[in-house]
Amino acid sequence: MTGSYDEVREQIVASCRGLAASGLVKGTAGNVSVRVDGGIAITATGVVFAEATVDDVVIVDDSGEVVIGALVPSSELGLHAAAYQDDAVGSVVHTHAPGSVAVSLVSDRLPCVHYQQLTFGGEVAVVPFSVFGSAKLAEDAAAALSEANAVILAHHGAVTTGSTLADAVANTLLLEWACDIYLRARPIGTPAELTPEQQADVIMAVVTSGYGTKRQAE
């Protein structure tokens, strides 16, 4: 956690409003959380993202009980809690982004069609449909997230993780962009995938060149 509980809640509100403005969340269809000392800061159920306020974010302890706030936490609290079983995860973002939903209707995975997908692990699994808020959905999503920082939920939406809230949101935006590329290419032909060797070459190039990192010219 970076900052006080109130600061974290404000950061979540800003992210919710940003996701709504980006068209990735309509109405109440999504939830955002951040790991905090002793539990999770998470959006409450029924929150309209575009109108979110600090009071719409609650703090729950490790047993799922609300310790700060007056509202009931998101129905996907179990999914978020399952994702946090990975100690590297600091934030979770769940949306019903249209591109992710569309991919889930035509494929059981989002292939690695662009090297930027390596940011969240490359190929993204599409897990079979389970009812929202169910233990099965949480279990399947967490299993997929152990292999990557993104997963698509069939007939539902997407979940991304990150070490920080900013990282998790960035992965959400990147996932939707990759889904859009895949969906544009698919009607024309079978989208070509980056091979494991090509992916390894990209990773090596990033490591050796500092690609994507702002730095001073020498």
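What follows treats the helices in turn, then a loop residue and the cysteines.

The coordinates are those of a predicted model, and the descriptions below should be read with that in mind.

**Helices H1 and H5**

Helix H1 comprises residues 5-21, and helix H5 comprises residues 165-185. The axes of H1 and H5 come within 11 Å and cross at roughly 10 degrees; because angles under 35 degrees count as roughly parallel, the two helices are roughly parallel to each other. On the H1 side the contact is made by Gln11, Ile12, Ser15 and Leu19, which meet Leu165, Val169 and Thr172 of H5. Sorted by class, this contact has four nonpolar residues, three polar residues and no charged residues.

Asn171, by contrast, has its place in H5 and is buried, with a relative accessible area of 5%. When residues up to four places away in sequence are not counted, Asn171 touches Thr119, Phe120, Asn149, Thr160 and Thr161.

**Helix H3**

In helix H3, which spans residues 98-106, the buried residues are Gly99, Ser100, Val103 and Ser104. They cover an arc of only 140 degrees around the axis, and therefore lie on the same side of H3. An α-helix has 3.6 residues a turn, so residues three or four places apart point the same way. The face of H3 turned away from this buried side carries the exposed residues Pro98 and Leu105. Against which elements do the buried residues of H3 pack? Their partners are strand S6 (109-110), strand S7 (124-127), S8, S9 and H5.

**Helices H2 and H4**

Helix H4 covers residues 135-145, and its buried residues are Leu137, Ala138, Asp140, Ala141, Ala144 and Leu145. The elements that cover these buried residues include H2, S7, S8 and S9. Ala82, found in helix H2 (residues 77-83), is in contact with Ala138 and Ala142 once its neighbours within four places in sequence are left aside.

**A loop residue with positive phi**

His155 lies in the loop between strand S8 (150-153) and strand S9 (157-162). Most residues other than glycine have a negative phi, whereas His155 has a positive phi of about 55 degrees although it is not a glycine. His155 is also exposed, with a relative accessible area of 54%.

**Cysteines**

How many disulfides does the model contain? With a disulfide taken as a pair of cysteine sulfur atoms within 2.5 Å, the count comes to zero. For Cys112, the closest cysteine sulfur is that of Cys179, and because the two sulfurs are 12 Å apart they are too far for a bond. Cys112 is buried, and Cys16 likewise counts as buried.

The table collects the relative accessibilities of the residues discussed individually.

| Residue | Relative accessible area | Class |
|---|---|---|
| Cys16 | 1% | buried |
| Cys112 | 2% | buried |
| His155 | 54% | exposed |
| Asn171 | 5% | buried |

How values were computed
Residues numbered from 1 in each chain as written. Predicted model: local features only at pLDDT ≥ 70, side-chain atom pairs only at ≥ 80, totals over all residues. Heavy atoms only, no water. Helix = DSSP H or I, 4+ residues; strand = E, 2+ residues; numbered from the N terminus. Buried < 20%, exposed > 50% of the residue type's maximum accessible area, 1.4 Å probe, protein only. Arc of directions from axis to C-beta. Contact = heavy atoms within 4.5 Å. Axes fitted to C-alpha atoms, helices over the stretch in contact; angles between N-to-C directions. Parallel < 35°, antiparallel > 145°, perpendicular 65-115°, else oblique. Nonpolar A, V, L, I, M, F, W, Y, C, P; charged D, E, K, R; others polar.
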